[in-house]
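Subject: Structure for you to look at

Hello,

Here is the structure I said I would pass on. Please open it alongside this note; my findings follow below.

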Amino acid sequence: MQKLRRLNFFDRHVVKQEGADVHPGIQKLSVWCACGTSEALWLGDRGGGIRKLDRQHALSEPFQAFDRELLDLRSAQGGTRLIALGCEAVPSGSAKYKVFDTLRDGDPTLLVAQ
């Protein structure tokens, strides 16, 4: 049986811009999942919220992708689409996916919800 090994590297090293302090918004986040594109890093929390960290290290306000839980994030089509897998607050408990357009400024635009 295969065992998972803890990578202590992430406990000691912080990603930050050279000569700058650690981003104050990132320290307070509880990141559950993430995905990156050439333009941004998308950070998801367990409660269904998603934030964007852009190339200028600006952290967006969260937008609520799911009411109950966000399970995973992926980017597609060269970073122009963000695919989120999660659960809504309905009692069915089944996972759903949503596809967002990330080209516009502001919150991503919902294209598909299944």
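**Salt bridges**

Asp-101 and Arg-81 join their side chains in a salt bridge, at 3.3 Å from N to O. Asp-101 sits in strand E7 (residues 96-101) and Arg-81 in strand E6 (residues 81-87), so this contact ties together parts that are 20 residues apart in sequence. Asp-101 has a relative accessible area of 9%, so it counts as buried. Arg-81 is partly exposed, at 22%. The cut-off for buried is under 20%.

Before going on: this is a predicted model. Please read every value here as computed from that model.

How many salt bridges does a search of the whole structure find? Four. Two more of them are worth a look.

Glu-69 meets Arg-46 through their side chains, with 2.8 Å between N and O. This pair also links distant parts of the chain. Glu-69 belongs to strand E5 (residues 69-76). Arg-46 lies in the loop between strand E2 (40-45) and strand E3 (49-54). The two are 23 residues apart. Is Glu-69 buried or exposed? Buried, with a relative accessible area of 14%. Arg-46 is partly exposed, at 43% relative accessibility.

Arg-74 and Asp-72 form another salt bridge, at 3.4 Å from N to O. Arg-74 is partly exposed, with 48% relative accessibility. Asp-72 is partly exposed as well, at 25%.

The general point is brief. Opposite charges on side chains can pair when the charged atoms come close.

**The aromatic pair**

Next, the rings. The search of the whole structure returns one aromatic pair. The ring centres of Phe-63 and Phe-100 are 5.4 Å apart, and their planes stand at 70°, so the pair is edge-to-face. The cut-off for that label is over 60 degrees. Phe-63 is in strand E4 and Phe-100 in strand E7.

Now the strands. Four of them make an open sheet in the order E1-E2-E3-E4, with antiparallel pairing. Strand E1 (31-36) and strand E4 (63-64) are at the edges. Each has a single partner strand, so one side of each is left without a neighbour in the sheet.

Gly-44 stands opposite Ile-50 of E3. The loop between E2 and E3 is the one that holds Arg-46, the partner of Glu-69.

Last, the second largest pocket. Its volume is about 170 Å³. It is lined by 14 residues. Which of them are the closest to its centre? Glu-39, Lys-52, Gly-79, Thr-102 and Leu-103. By type, the lining divides into seven polar, four charged and three nonpolar residues.

**Where to start**

Best wishes

Key: Residues are numbered from 1 along each chain as its sequence is written. This is a predicted model: local features need pLDDT of at least 70, side-chain atom pairs count only at pLDDT 80 or more; totals for chains, interfaces and linings use all residues. Side-chain values use heavy atoms; hydrogens and water are left out. Helices (H or I, at least four residues) and strands (E, at least two) are DSSP runs, numbered from the N terminus. Buried means under 20% relative accessible area, exposed over 50%, partly exposed in between (1.4 Å probe, protein chains only). Two strands pair if DSSP finds at least two bridges between them. On a 1 Å grid over the protein atoms alone, a cavity is a set of points where a 1.4 Å probe fits but cannot get out, and a pocket is an open set with protein on both sides within 12 Å along at least five of seven lines; lining residues have an atom within 4 Å of a point. Grid points are joined across faces, edges and corners, and a volume is the space filled by probe spheres set on the points. Ala, Val, Leu, Ile, Met, Phe, Trp, Tyr, Cys and Pro count as nonpolar, Asp, Glu, Lys and Arg as charged, and the others, Gly among them, as polar. Rings of Phe, Tyr and Trp (its six-membered ring) pair if their centres lie within 6.5 Å; planes under 30 degrees apart count as stacked, over 60 as edge-to-face and the rest as tilted.
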